[in-house]
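Here's a quick briefing to read alongside the model. Have a look at the structure first, then work through the points below.

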Amino acid sequence: MSNHFIVTLSCVDRPGIVHAVSGGLLGAGCNITESQQYESPDSNTFFMRIEVATGHTLDQVMAQLAPIRDEFGMDLKVFESSRRTRTMIMCSKAGHALNDLLFAQRAGTLPIEVPVIVSNHRDLQPMAEFYGVDFVHLPVTAQNKGQAEAELLKLVQEHGIELVVLARYMQILSDSLCERMAGRVINIHHSFLPSFKGAKPYHQAHARGVKLIGATAHYVTADLDEGPIIDQEVTPVNHSRTAAQLVELGRSVEGRTLTRAVQWHAEHRVMLDGQRTIVFS
């Protein structure tokens with residue numbers, strides 16, 4: 001069984017789904033190596049992610065599952081397990097999240113392929129060159145924002161980009177761009193939002209004596225920093241920490257959280273349930 005695939009599906013919950021899917025996979029000569037499922041009581045939607053090994057091709061597996069997909073009205077997809085998600089990373093001046101992503105990708109633990117990095121500044125170009133990734137400087141101003149986003153979409157098309165990751169990219173994407181790439185853009189921000197908005201959130205948190213700091217990775221929507229949450233992490237702090245130390249701790253948490261979220265997306269472990277996510281981690 002030299003071929004390994006990931007099957008994801010969602011549909012209105014009803015009896016017989018698991019039985020039908022398991023039978024279809026058996027008919028395609030598949031051995032199930034991992035299976036997770038969840039029924040959402042809020043939306044009455046059934047979600048499932050299955051990893052299989054088989055001697056059949058992807059097209060043969062899809063053909064076997066197609067009648068089941070149609071019978072249950074499923075949103076069903078089959079992916080090659082070994083295929084890496086083509087990812088564009090966008091950044092500004094802070095390099096911690098970018099470095100974590102590129103290091104994990106090079107180490108082989110993050111199943112993405114990064115053909116291009118886009119930034120509105122040149123500060124991180126040396127890091128891109130160190131990792132051997134093409135760097136595109138795309139300045140953004142109030143006057144050229146529309147043109148810059150048109151160039152961005154052109155790069156997405158030229159490089160066959162499937163996922164865009166905002167690794168501390170300090171520009172707000174337009175509503176039209178967010179809608180066009182819904183479910184394909186992941187952002188990271190400090191978990192103090194919305195309590196500590198604006199500049200220097202860690203300094204604001206320090207002044208208020210917070211006891212937890214953290215980060216949130218989420219899909220980007222037109223509602224700023226309010227998209228479906230993929231992953232979060234917090235770390236405890238106390239009165240002895242300075243504002244600068246909170247910044248450093250926050251950077252570490254941001255990098256880890258963003259990398260996990262990208263990994264789960266690339267491994268097809270994240271499924272949308274309205275404004276929530278189902279994460280088969």
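Let's start with His268, which sits in the loop between α8 (243–266) and β12 (270–273); helices (H or I, at least four residues) and strands (E, at least two) are DSSP runs, numbered from the N terminus. This is a predicted model, where local features need pLDDT of at least 70 and side-chain atom pairs count only at pLDDT 80 or more, while totals for chains, interfaces and linings use all residues. Residues are numbered from 1 along each chain as its sequence is written, and side-chain values use heavy atoms, with hydrogens and water left out.

- Most residues other than glycine have a negative phi.
- His268 has a positive phi, near 60°, and is buried at a relative accessible area of 17% (buried means under 20%, exposed over 50%, partly exposed in between, with a 1.4 Å probe and protein chains only).
- Asn44, in the loop between β2 and β3, also has a positive phi, near 55°.
- Asn44 is partly exposed, with a relative accessible area of 37%.

**Helix α1**
- Looking at α1 (residues 17–27), you'll find Ile17, Ala20, Val21, Gly24 and Leu25 buried.
- Those residues lie on the same side of α1 because they cover an arc of only 130° around the axis, going by the directions from the helix axis to the C-beta atoms.
- His19 and Leu26 are exposed on the other side of α1.
- The cover over the buried residues of α1 includes β1 (3–12), β2 (31–40), β3 (45–54) and α2 (58–72).
- After α1 comes Gly29, with a positive phi near 70°.

**Val234 in its strand**
- Val234 belongs to strand β11 (residues 229–236).
- Setting aside neighbours within four places in sequence, Val234 is in contact (heavy atoms within 4.5 Å) with Leu212, Ile213 and Gly214.
- His190 is 44 residues away from Val234 along the chain, with 9.7 Å between their C-alpha atoms.

**The whole chain**
- The protein chain has 8 helices and 13 strands.
- Its radius of gyration is 21 Å, close to the 19 Å that the globule rule gives for 281 residues, so the chain is as compact as a globular protein of that length; the radius is taken over C-alpha atoms, and the rule is 2.2 Å times the number of residues to the power 0.38.
- The C-alpha trace spans about 60 × 40 × 35 Å along its principal axes.
- Buried residues make up 47% of the 281 residues.
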